[in-house]
Amino acid sequence: MKTTKFLLSEKEIPTAWYNILADLPFQLEPYLHPATKEPIGPADLAPLFAMELIKQEVSTERWIEIPDEVREIYNLYRPGVLFRAHRLEKALDTPAKIYYKYEGGNATGSHKPNTAIAQAYYNKQEGIMRLTTETGAGQWGSALSMACSFFGMECVVYMVRVSYDQKPYRRSLMQVYGATVFASPSTNTQTGLKILEVSPDSSGSLGIAISEAVEDAAKREDTHYSLGSVLNHVLLHQTVIGLEAKKQMEMAGDYPDIVIACCGGGSNLAGLSFPFIQDKLAGKDMRVLAVEPKACPTLTEGEYRYDFGDTAGLTPLTKMYTLGHDFIPAGIHAGGLRYHGDSAIVSALYDKGIIEAVAYHQTEVFDAALQFARTEGIIPAPESSHAIRSAIDEALKAKEAGEEKVILFGLSGNGYFDMTAYDSYLKEGLKDYNFTLACNDGE
Ligand SMILES: *Cc1c(COP(=O)(O)O)cnc(C)c1O
C-alpha cells in the first residue's frame with residue numbers, strides 16, 4: 001500500500017519557532033513612525049502590543065521557545081497532516097509527486113490559530129483582557145475569537161463589509177466563541193465614520209478594518225491590537241507548519257523541489273516555507289513560489305517602497321511590496337488575499353530573488369479547487385486554491401518536461417464557510433478582475 005498521510009505524534013509538535021531573521025543574508029529596513037518618519041522603538045509599539053511580542057518582532061535568536069500553555073492548546077489540533085496527493089497526481093497523469101500540508105483540520109479551518117493562540121497567551125500574561133482585530137474572509141477573526149475564549153479574554157472584530165455580507169456564518173462562528181463583530185467600515189470609529197460619509201456603500205478593505213481596530217485599541221488601557229499576518233512575530237509563530245512538514249517530508253523520503261503557498265500578507269507562505277528557505281540560504285537547490293490573485297497582485301505588480309499597513313495611516317511605515325495603502329481591491333472571494341501590502345520579510349525575500357511569485361484570476365483558481373475537491377475530497381478555501389492552481393500547473397509542466405519533480409504546497413484552510421463562493425461559481429461563473437480595472441472601478 002502507498003502511504004497517503006504522514007503523521008507525527010503530539011510529542012513531535014515543535015518546541016521552538018524558527019526565526020528566519022537569524023539567517024537572512026541582508027538587513028531588514030526598520031519600521032518608521034507614521035508621523036516623524038524616524039525608526040520606531042519598543043515604546044512606540046507598547047500601547048498596541050504585548051512586550052514579549054515586540055521583542056519577538058526584532059529578535060535575531062534562531063529558535064524561540066514555544067510556551068507550554070501554547071503547546072498544550074496546539075495539542076487540540078496539531079500536528080497537522082501532510083498528505084501525498086496520489087489521486088490528484090493520477091488525474092493529472094503527471095510524474096511529479098505532489099504533497100500538501102493541511103492547516104484546515106482545526107475548529108476554525110485555517111492556519112491562523114497558530115499565531116492567535118500565541119498572541120492571546122502573551123497578552124494575557126501581561127494583564128491585557130481585551131483584544132481588537134480586523135478580519136477579511138473571517139478566518140483570522142474566528143481564530144482570534146477562539147483563542148480569546150480559551151484565555152477568558154474579550155475579542156472585538158472589525159470584519160470587512162464584503163465578507164460580512166458574503167459569509168454570515170463566519171460571523172456566527174465568532175459570536176459562538178463570544179466575540180463582538182462589527183461590519184467595517186463601521187460607525188464605531190472616526191475612521192469608519194469618515195469613510196461612510198464619502199462612500200456609504202463601501203465594501204470595505206483590510207486596510208480600513210485595520211485602522212478601525214487600531215483606533216479602538218488605542219483608546220483603551222485594557223486593550224491591545226492583534227494582527228493576523230504581515231508582522232515578523234506572526235510569521236514566526238506560523239513556522240510550526242514548515243517545521244512539521246520538514247519532518248514529514250523526511251518520513252516520505254523526499255525533499256521538495258518547489259514549495260508553493262498563497263500569499264495575502266505572507267504568514268502561511270512564511271510558515272510553510274521559512275524552514276525550507278533556511279536550507280536554501282545554506283546552499284540547497286529549491287524554489288519557493290508565492291501565489292496571489294490578479295485582482296490584488298501585490299508582489300507581481302506592486303512597488304517596493306515604504307507604505308502604511310492601513311488605510312488611515314495610523315500604523316508604522318513598512319518597507320514592503322504595496323499597491324498603495326488606499327487601494328481597495330475588487331470583491332473577489334479569496335477575502336484573505338485582499339491586502340494591499342505584504343510582510344516586510346516576504347517582500348525583501350522577493351526583492352532579493354530568493355522567492356518567486358505568480359498571479360491568477362479567480363475563475364482559473366476555482367477550476368483548480370473543484371479538480372482538487374473531486375480527487376482529494378477536501379473542499380479548499382478560495383485562498384488556498386491559489387496554491388492548488390499553481391501546484392497543478394507546476395505538475396503539468398513537469399509532465400511536459402518528463403521530470404519527476406517533488407511539489408509541496410500549503411493547503412492553508414478548508415472552504416466549508418465559503419460555500420456561497422462555490423455556489424456562485426457553479427451557478428453563474430465568477431467575474432475576473434484585472435488590477436488596473438479594479439482600480440478604475442473604484443470598488
Ligand atoms: C488568511 C488566510 C490566507 C492569507 O493570509 P496569509 O497571511 O498570506 O497566510 C490564506 N489562506 C487562508 C486559509 C487564510 O485564512
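1. Let's start with Lys 97, which counts as buried at 19% relative accessibility (buried means under 20% relative accessible area, exposed over 50%, and partly exposed in between, with a 1.4 Å probe and protein chains only). Before you go on, bear in mind that this is a predicted model, where local features need pLDDT of at least 70 and side-chain atom pairs count only at pLDDT 80 or more, while totals for chains, interfaces and linings use all residues. Residues are numbered from 1 along each chain as its sequence is written, and side-chain values use heavy atoms, with hydrogens and water left out.

2. What does Lys 97 pair with? Its salt-bridge partner is Asp 254, with the closest N and O atoms 3.1 Å apart (a salt bridge is a side-chain nitrogen of Lys or Arg within 4 Å of a carboxyl oxygen of Asp or Glu). Lys 97 sits in strand β5 (residues 97-102) and Asp 254 in the loop between α12 (240-252) and β10 (258-262), so the pair ties together parts that are 157 residues apart in sequence. Helices (H or I, at least four residues) and strands (E, at least two) are DSSP runs, numbered from the N terminus. Asp 254 counts as buried too, at 15% relative accessibility.

3. Next, have a look at Asp 216 and Arg 130, whose side chains meet in a salt bridge at 3.0 Å, N to O. This pair also links distant parts of the chain: Asp 216 belongs to helix α10 (residues 206-219) and Arg 130 to strand β6 (residues 130-135), 86 residues apart. Buried or exposed? Asp 216 is buried, at 4% relative accessibility, and Arg 130 is buried at 7%.

4. Lys 405 and Glu 403 form a salt bridge as well, at 3.6 Å from N to O. Here Lys 405 is partly exposed at 32% relative accessibility, and Glu 403 is partly exposed with a relative accessible area of 37%.

5. Finally, a word on Ala 373, which you'll find in helix α16 (residues 362-376). Neighbours within four places in sequence aside, Ala 373 is in contact with Ile 378, Ile 379 and Pro 380 (contact means heavy atoms within 4.5 Å). Phe 49 is 324 residues away from Ala 373 along the chain, and their C-alpha atoms are separated by 39 Å.
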